[in-house]
Amino acid sequence: LFAGQSEFVKGVVAMSGLPPADRIEVCFAGRSNVGKSSLINALTGTKGLARASNTPGRTQEINYFTQGPDLYLVDLPGYGYANAPLKIVEKWQKLLKQYLSGRQTLRRAFVLIDARHGVKAVDDEIMKLLDTSAVTFQCVLTKADKVKAAERDKVLSQVRAALSKHPAAYPEIVLTSSEKGDGIAALRSIIAHLE
Ligand code: GDP
């Protein structure tokens, strides 16, 4: 499933712009700067695929990438920008809700959490939205190379406690480093086994 290059399909700003639901897809959500672009690039082995920099407050799109003929990887707009205009935030929340509750082929959401920071209030909000949309989600800790074992274990406990409050949470947490490649094969395998 993860052999070969990924390609950018399109950026979507409304439900009417979604590509045909002709294959399964997984989506990636996370606070801005969590390492989402880096993770998607590492997963697909395609450098520069997902933009590694985002402009705070700028209108963002739901970005579709192919991974082989049978899977879409979906990059959701980063959240938690302090300065994003309310109108834009509201517009995105509406699209996000529509997408999460209306996309039949969505098999799992991956919620990215910085291994140094743990689950923040905005992450919890997204998890609630996933609960109400009945989308199974799995936590991926990013930048694992930046934390020592003791700190990592502390954050893991915090994340486990946060997940226990969410009915849609899948209990297994995936520890990754896009920089070192840790956990990337494991995450590919998880995605490859979704049906
Ligand atoms: P995005 O805003 O969530 O798409 O985040 P990016 O992928 O652009 O990453 C934000 C910053 O974190 C960049 O400076 C990356 O180089 C850095 N970064 C991302 N992943 C890792 C990682 O696994 N390890 C380390 N050390 N840095 C990372």
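Colleague: Is the crossing of H2 and H3 right-handed or left-handed?

Modeller: This is a predicted model, and in it the crossing of H2 and H3 is right-handed. The contact there is made by Leu 96, Lys 97, Leu 100 and Ser 101 on the H2 side, and by Leu 129, Leu 130 and Ser 133 on the H3 side.

Colleague: How many nonpolar, polar and charged residues are in that contact of H2 with H3?

Modeller: Sorted by class, the contact of H2 with H3 has four nonpolar residues, two polar ones and one charged one.

Colleague: And at what angle do the axes of the two helices cross?

Modeller: The axes of H2, residues 86-102, and H3, residues 121-133, cross at roughly 40° and come within 9 Å. Because of that angle, H2 is oblique to H3.

Colleague: Changing topic, how many residues does the largest nonpolar core have?

Modeller: The largest nonpolar core has 47 residues, and those with the most contacts inside it are Phe 28, Val 74, Val 111 and Leu 112. Strand S5, residues 106-114, gives the most to this core, contributing six residues. As a general point, nonpolar side chains in soluble globular proteins tend to be buried together.

Colleague: Which residues is Phe 28 in contact with, leaving aside its neighbours in sequence?

Modeller: Once the neighbours within four places in sequence are left aside, Phe 28 is in contact with Lys 36, Leu 39, Ile 40, Val 74, Asp 75, Leu 76, Phe 110 and Leu 112.

Colleague: Is Ala 134 buried or exposed?

Modeller: Ala 134 counts as exposed, because it has 10 other C-beta atoms within 10 Å. Lys 143 also deserves a mention, with a positive phi of about 60° although it is not a glycine. Lys 143 is in the loop between S6 and helix H4, residues 149-163, and is buried, with 22 other C-beta atoms within 10 Å.

Colleague: Where is Ser 178 found?

Modeller: Ser 178 is found in the loop between strand S7, residues 169-175, and helix H5, residues 184-192. Ser 178 is buried, because 22 other C-beta atoms are within 10 Å. Leaving aside neighbours within four places in sequence, Ser 178 is in contact with Gly 35, Ser 38, Leu 39 and Ala 42. Its C-alpha atom is separated by 8.6 Å from that of Ala 144, which is 34 residues apart from Ser 178 along the chain.

Colleague: Last one: why does Tyr 81 count as buried?

Modeller: Tyr 81 counts as buried because it has 20 C-beta neighbours inside 10 Å. Tyr 81 is found in the loop between strand S4, residues 71-75, and H2. Tyr 81 and Val 26 are 55 residues apart in sequence and, C-alpha to C-alpha, 23 Å apart in space.

Conventions. Residues are numbered from 1 along each chain as its sequence is written. This is a predicted model: local features need pLDDT of at least 70, side-chain atom pairs count only at pLDDT 80 or more; totals for chains, interfaces and linings use all residues. Axes are lines fitted to C-alpha atoms, for helices over the stretch in contact, and angles run from 0 to 180 degrees between N-to-C directions. Helices (H or I, at least four residues) and strands (E, at least two) are DSSP runs, numbered from the N terminus. Angles under 35 degrees count as roughly parallel, over 145 as roughly antiparallel, 65 to 115 as roughly perpendicular and the rest as oblique. A crossing is left-handed if the near helix is turned anticlockwise from the far one by less than a right angle, and right-handed if clockwise. Two residues are in contact if their C-beta atoms, placed from the backbone, lie within 7 Å. Ala, Val, Leu, Ile, Met, Phe, Trp, Tyr, Cys and Pro count as nonpolar, Asp, Glu, Lys and Arg as charged, and the others, Gly among them, as polar. A nonpolar core is a set of buried Ala, Val, Leu, Ile, Met, Phe, Trp, Tyr and Cys residues joined through C-beta atoms within 7 Å. A residue is buried if 20 or more other C-beta atoms lie within 10 Å of its own, exposed if 12 or fewer, and partly exposed in between; C-beta atoms are placed from the backbone.
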